[in-house]
Amino acid sequence: MSYLNNRGQLVEWGKTISPVRKVKVGLPQGSVLGPLLFLIYINDLPKNMSANDLTLFADDTSIMTVARSEEDIHRETEKATGEAREWFSSNTLKLNENKTKHLNITTGTENQIKCAKFLGLQFNSQFKWNSHVNYLQTKLSTAIYIVRQMKKIETYEATRAVYFAHFHSRATYGILVWG
């Protein structure tokens with residue numbers, strides 16, 4: 001009970017400290033129980049959605065709708081987004097409109113270039129990897145620079161650790177999906 005009840009928080013900015021205020025909702029950030037309690041809290045969202053498919057991953061929610069026409073997909077997408085917004089609101093959560101993205105994936109030949117980031121991978125509307133490769137190229141170029149600089153001043157073991165942390169992890173992330 002003490003984990004959830006009678007908690008307070010304050011803000012420290014420079015040498016100024018705010019008064020302690022009671023926390024009425026939420027959990028301590030970085031807590032061990034936080035992810036489990038969040039999953040229990042959000043567990044009924046899929047039951048309250050009429051969308052074709054819903055994926056929950058940590059605090060990311062992905063909704064997939066399928067339709068044969070552009071009008072139908074827009075209608076279904078708006079319906080699903082509205083249902084999610086309503087569920088979040090009734091459960092004292094807020095849909096982050098700035099992070100809410102709609103990606104239309106088509107089998108047509110139209111040249112759509114819209115892109116969305118999902119779990120660290122960049123997808124475009126035709127599941128081509130140009131956007132992800134460009135994104136990855138920038139990240140890996142920076143990682144190579146860091147490894148080269150480390151090689152000049154650190155041991156082989158330290159440089160190798162930096163390589164695995166900054167280059168290898170990015171180069172191989174999601175390779176089963178995009179490879």
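Tutor: Contact means heavy atoms within 4.5 Å. Please keep in mind that this is a predicted model.

Student: Leaving aside its neighbours within four places in sequence, which residues is T77 in contact with?
Tutor: With those neighbours set aside, T77 is in contact with T65 and H102. T77 itself is found in helix 2, residues 70-90.

Student: Is T77 buried or exposed?
Tutor: T77 counts as buried, because its relative accessibility is 15% and the cut-off for buried is under 20%.

Student: Changing topic: at what angle do helix 3 and helix 4 pack?
Tutor: Helix 3 (residues 130-153) and helix 4 (residues 156-172) pack at about 175 degrees, and their axes are 9 Å apart. Helix 3 is therefore roughly antiparallel to helix 4, as angles over 145 degrees count as such.

Student: And which residues meet there, by class?
Tutor: The contact of helix 3 with helix 4 has 12 nonpolar, two polar and three charged residues. Among them, L136, L140 and I144 are on the helix 3 side, while V162, Y163 and F167 are on the helix 4 side.

Student: How many aromatic pairs does the structure hold?
Tutor: It holds three aromatic pairs. One of them, Y163 with F164, is edge-to-face, at 4.9 Å centre to centre and 75 degrees between the planes. Y163 and F167 form a stacked pair, at 5.6 Å and 20 degrees.

Student: Where do Y163 and F167 lie?
Tutor: Both lie in helix 4, four residues apart, which is about one turn of the helix. Y163, F164 and F167 form one aromatic cluster.

Definitions and conventions:
Residues are numbered from 1 along each chain as its sequence is written. This is a predicted model: local features need pLDDT of at least 70, side-chain atom pairs count only at pLDDT 80 or more; totals for chains, interfaces and linings use all residues. Side-chain values use heavy atoms; hydrogens and water are left out. Axes are lines fitted to C-alpha atoms, for helices over the stretch in contact, and angles run from 0 to 180 degrees between N-to-C directions. Helices (H or I, at least four residues) and strands (E, at least two) are DSSP runs, numbered from the N terminus. Angles under 35 degrees count as roughly parallel, over 145 as roughly antiparallel, 65 to 115 as roughly perpendicular and the rest as oblique. Ala, Val, Leu, Ile, Met, Phe, Trp, Tyr, Cys and Pro count as nonpolar, Asp, Glu, Lys and Arg as charged, and the others, Gly among them, as polar. Buried means under 20% relative accessible area, exposed over 50%, partly exposed in between (1.4 Å probe, protein chains only). Rings of Phe, Tyr and Trp (its six-membered ring) pair if their centres lie within 6.5 Å; planes under 30 degrees apart count as stacked, over 60 as edge-to-face and the rest as tilted.
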